[in-house]
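Please walk through this protein domain by domain, then turn to the ligand and the salt bridges.

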Amino acid sequence: KADDGYRLWLKFDKVASASRYTSYAQSVSSEFPTSPILETARKELGQGLKGLTGIAPVAKSADGSIQFVKDATIPEEGFEIQVDKKVQVKVDGLSVLGRKYIRIKASSDRGILYGVFELLRMIQQEKPLADISSSPKVKLRMLNHWDNVMGTIERGYAGASLWKWYELPETVDPRYTDYARANASIGINAVSVNNVNASARFMTPEYLAKVKVLADVFRPYGIKLFLSVNFASPKLVGKLKTSDPLDPQVRAFWASKTKEIYAQIPDFGGFLVKANSEGEPGPQEFGRTHADGANMLAEAVKPFNGIVIWRAFVYAPNPNGDRFKEAYNDFKPLDGTFAKNVIVQVKNGPIDFQPREPFHPLFGAMPKTPLALEFQITQEYTGFSTNVFYQSILFKECLDSDTYQNGKGSTVAKVIDGSLGNDQITMMAGVANTGSDRNWTGHLLSQANWYAFGRLAWDHTLSSEKIADEWVKQTLTRDDKAAKTASDILMKSRDTYVKFTTPLGLHHVMGQGIHWGPEPWLERSQRPDWTSIYYHRADSVGLGFDRKASGSNALSLYHPAVAQQWLDPAKTDLNYLLWFHHVGWKEKLTSGRTLWDEFCYRMNSGLQEVKDLQKDWDSLQGKVDPEIFADVRGRLAAQQRESVLWRDAHLLYFQTYSKLPISYGTPART
Ligand code: GCU
């Protein structure tokens, strides 16, 4: 039977080495009282083992070959797996080799659930069973869905929304459960279900009844539900004259609305807010700050242990400004003024989820405020559903960036996991790439991005190679050679995409409407900061945005040790060059080529590399499922076509400024 990708990485088909595991798969016992999450763990373990080994374990009251063991010393949600390989037992006075045991230890039923998935993952990859102890580095590992009431998804490229609002609450699509299960298997424990450009409708009783059903489906998988809120809800839904956060009636509205939500969803997580950004309402309309707005909502959810996630993605039109600096300028002065149950969610980079972006200067600049890191899993600027772009590479690059907040080694990862400041709330969010397509993510290889996000939110020290290898072995093939080829495609994909779209630190040169295609010639728009020329600054002299003191001085927002690496164009990593410098077309770069020649060279070699990726994938014919093979093959061909478009569009447009001949400097590959 062909594989349509629906089962994601959760393919529990019988493994060739099943006999290695059968003695462990006989029975399950548990020291935990029963609970919905524990029942999920039992069910998943039972089904998984039956599939992988052919043996369905029976339930025992004690002494199972797999035991769920309570251990209060293990951190919340963490687990330990202990494998007893040899057990000597006495039978009629004789010492014999006894049965084998696996103990999954945890302090809570959630830890057991995650331990079960870890165990299944080991068997699925046919690894020798080994002891392992693991606990999540951040507390909230969250997907942000940008899903609308009408069923569309903002920047979603895998079909319509998974949530069928018109059918809810009466009809409950079983796919909601499959979705929850996939998340739980990679440690995701929080989900906001609606777009940050939020419809106020989600605050009406009609919609809360629908949302409640989703929360009920997610709960047994350890997932908390959050809602994005429209800051003008008091006016839009509550019929008040204002939504001013300091107005007593507005505060009363939120207090009673919150109570209404918790009556339906007792473990409701809280609110996610995009305010005063891209036309969304917010406290600044009333002369109040982001902190005033956030703290008002925080007060409403506090009695229920809810939290407020306040986004720092803010910018306003200013032809002479630099968008790079805006969120910093708005938020840095507010450090230390947010309520305890507020976390500020910052995108990985200062502009907007570009294929390569320096880390956001707010990381490292708000030591008194917990910060959440927001990545975009959906491929808005990273190739839509037609390009392979393994985001783990980008995620890790940001997580491993050193902010120098508390001196060397103060990486973004340490800022967000709370280890620098003992934050109470810690989190990592990813804008989801799921939709109603049978394979969930459009491009099958984009499933790896959902997977990688979950794994890194759990443990940011995992390497991209390890995550790719795990995902490939669970999803595509366990044949070592083929798996290596598939992992290599993922590992190379990010660099390749950057080369033919935004090499050398070029950024925000995509179409105004279509964000995965080129439009460097966009020089006029209603909003100056939405044009391409605002970012690339091409002129007869050269290319790139000067962000040194001679330009916007955005570099000064970083710790001096960070800024240092990007201050001198001659010493700046070429991958970041045009982020920070306006470089002459004929200037020699460290590569030995001039800027123009290097630009032509990179754009063309990106395109050539896509051809290599196609060849690599073709070599997998017969090694991966035929349906998956054909689908990815088609998408790579589309990527090849798009890479020609990007190269030609960029080179012909920028040539009108450089006035230099195009030379690729590399032979074409066929
Ligand atoms: C990007 C994206 C918008 C989205 C925004 C956000 O600008 O294009 O569609 O609403 O990010 O993160 O809020």
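A polar contact is a pair of N or O atoms within 3.5 Å; within protein, one atom must be able to donate a hydrogen and the other to accept it, and residues adjacent in sequence count only if both atoms are side-chain atoms. The model is predicted, so to speak of local features pLDDT must be at least 70, side-chain atom pairs count only at pLDDT 80 or more, and totals for chains, interfaces and linings use all residues. Residues are numbered from 1 along each chain as its sequence is written, and side-chain values use heavy atoms, with hydrogens and water left out.

The ligand is surrounded by 14 residues, the closest being Glu154, Lys274, Arg311, Lys347 and Glu380; a residue is near a molecule if one of its heavy atoms lies within 4 Å of it. Arg311 places a polar side-chain atom 2.7 Å from an oxygen atom of the ligand. For Lys274 the corresponding distance, again from a polar side-chain atom to a ligand oxygen, is 2.6 Å. An N or O atom in the side chain of Glu380 is 2.5 Å from an oxygen atom of the ligand.

The chain is divided into domain 1 (19–134), domain 2 (140–465) and domain 3 (499–658), with bounds from an automatic or database domain assignment. The centres of domain 1 and domain 2, taken over C-alpha atoms, are 35 Å apart. In contact (heavy atoms within 4.5 Å) are 14 residues of domain 1 and 15 residues of domain 2. The two domains bury about 1200 Å² between them, 47% of it on carbon and sulfur atoms; buried area is the accessible area (1.4 Å probe) that two parts lose on being put together, summed over both. Tyr114, Phe117 and Arg121 supply 40% of the area that domain 1 buries against domain 2, more than any other three residues.

Across this interface there are seven residue pairs in polar contact, both residues at pLDDT 80 or more. There are also two salt bridges between domain 1 and domain 2, where a salt bridge is a side-chain nitrogen of Lys or Arg within 4 Å of a carboxyl oxygen of Asp or Glu.

In the whole structure, 43 salt bridges are found. One of them joins Asp459 and Lys137, whose closest N and O atoms are 3.7 Å apart. Asp459 lies in the loop between helix H12 (447–458) and helix H13 (464–475), and Lys137 in the loop between strand S8 (132–134) and strand S9 (140–144), so the pair ties together parts that are 322 residues apart in sequence. Helices (H or I, at least four residues) and strands (E, at least two) are DSSP runs, numbered from the N terminus.
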